[in-house]
Amino acid sequence: MHIKKTAGRRAPARRTRHASGSLIAVLVALVAVFAAACGDENEPVDPAGPAASTGAVDLTGVTLRVGDQISMLRSQLEAAGELDGTPYKVEWSQFQGGPTVIAAQTGGDIDLGTMGETPVVFAQAADSPVKVVGVSKIADPAKYNFALIVKKDSPIRTLADLKGRKILNSQGTVAQYLVGRALEKAGLTAEDVELVTMQQGGQAAYDRGDVDVVGIGGAPLVTTLAKNDDQVLVSSNGLLPGFNYLVARDGALADPELSAAIGDFLGRVARAQDWYNAHPDEAAGVVKSIYKVDDAIARGIVTLAPSQYVPIDETIIGAHQAEADFFAGEGVLKTDLDVSKVFDDRYNTIVTEVAQRRTGKS
């Protein structure tokens with residue numbers, strides 16, 4: 001597994017050049033300890049080392065800028081009490097979709113963001129300076145959180161019926177991957193259908209009948225199906241990996257203080273997700289407030305496909321590699337990717353501790 005060596009390891013050495021007297025001796029000693037903890041420059045970063053532990057870094061005055069979508073991450077953390085006592089300030093920004101989060105990170109406007117896995121494939125292809133540092137996946141493999149849907153009165157009843165139909169193509173998103181995999185399953189290609197590309201207004205286009213099929217997931221899937229006008233043509237079960245990522249900006253990972261804050265924040269996010277799964281009634285209250293839905297729909301959103309944070313391992317990287325290879329094979333990507341380069345597992349110890357608490361093994 002590729003682990004990026006961050007420039008943050010050299011920061012203490014730079015500071016010693018501006019110190020004087022006894023302070024220099026103290027800082028040089030700290031650098032020696034720091035170097036011993038990090039080991040050889042070609043070795044992976046120790047997840048328990050200074051870059052991943054708030055105990056080794058003073059986070060007073062640090063601001064972690066987080067990109068959220070519809071305030072869902074923030075609401076979960078607040079409801080679970082996981083934002084209490086953070087040793088740093090959290091500054092929130094809201095986005096619509098993973099690609100816009102990536103764009104903000106590339107511009108240096110935010111340090112951390114949440115998204116599905118597909119935007120990261122295209123981010124790596126574009127050499128965007130980001131790394132996946134946290135992964136949650138659907139806990140029950142029998143459940144799904146994404147689907148291609150059609151109107152109940154549509155003549156489309158099987159995947160074979162997609163031939164010649166208009167399908168919404170939301171580029172750079174999980175929906176794009178699901179469309180591609182569904183066509184593959186049906187023995188069709190993009191040449192056999194009409195892909196209608198738009199980043200916004202897709203649901204309205206589907207409602208008007210401008211497109212025949214749309215990919216939709218999460219809360220919108222539940223709320224749409226609750227209207228009883230639509231039906232699932234094919235679910236993501238077995239077609240998508242069911243991942244959600246916490247993605248960090250390279251520059252933040254290279255900064256010892258921000259890197260430590262990210263590790264602490266990831267632990268809080270993982271615990272908040274477990275709280276959300278274990279308290280469906282309270283979680284439904286959070287969802288109800290965000291989406292302005294009734295109790296039944298809110299409960300349906302919470303129980304649709306609960307996920308949990310897991311350590312980054314070869315299984316996760318392999319599934320992500322398969323997705324990148326798919327897009328390369330379809331000609332959507334112009335080059336093959338080594339996706340191991342976009343994962344940074346320095347925080348695995350933190351996630352493992354949360355997982356152990358979840359299973360009662362700690």
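**Salt bridges in the predicted model**

Glu 184 and Arg 181 both belong to helix 6 (residues 174-185), where they are 3 residues apart, about one turn of the helix. In this predicted model, the two residues form a salt bridge whose closest N and O atoms are 3.0 Å apart. Glu 184 is partly exposed, with a relative accessibility of 44%, whereas Arg 181, at 19%, counts as buried, because the cut-off for burial is set at under 20% relative accessible area. Elsewhere, salt bridges with shared partners join Arg 65, Asp 111 and Arg 249 into one network. In total, the structure holds 14 salt bridges.

A further salt bridge pairs Arg 271 with Glu 82, the closest N and O atoms lying 3.1 Å apart. This pair links distant parts of the chain, since Arg 271 is located in helix 10 (residues 256-278) and Glu 82 in the loop between helix 3 (72-79) and strand 2 (89-95), with 189 residues separating them. Arg 271 is partly exposed, its relative accessible area being 24%, while Glu 82 counts as buried at 12% relative accessibility.

The side chains of Lys 151 and Asp 230 likewise meet in a salt bridge, with an N to O distance of 3.3 Å. Lys 151 lies in strand 5 (residues 146-151) and Asp 230 in strand 9 (residues 230-235), and the pair therefore ties together parts that are 79 residues apart in sequence. With a relative accessible area of 23%, Lys 151 is partly exposed, whereas Asp 230 is buried, with a relative accessible area of 6%.

Key
Residues are numbered from 1 along each chain as its sequence is written. This is a predicted model: local features need pLDDT of at least 70, side-chain atom pairs count only at pLDDT 80 or more; totals for chains, interfaces and linings use all residues. Side-chain values use heavy atoms; hydrogens and water are left out. A salt bridge is a side-chain nitrogen of Lys or Arg within 4 Å of a carboxyl oxygen of Asp or Glu. Helices (H or I, at least four residues) and strands (E, at least two) are DSSP runs, numbered from the N terminus. Buried means under 20% relative accessible area, exposed over 50%, partly exposed in between (1.4 Å probe, protein chains only).
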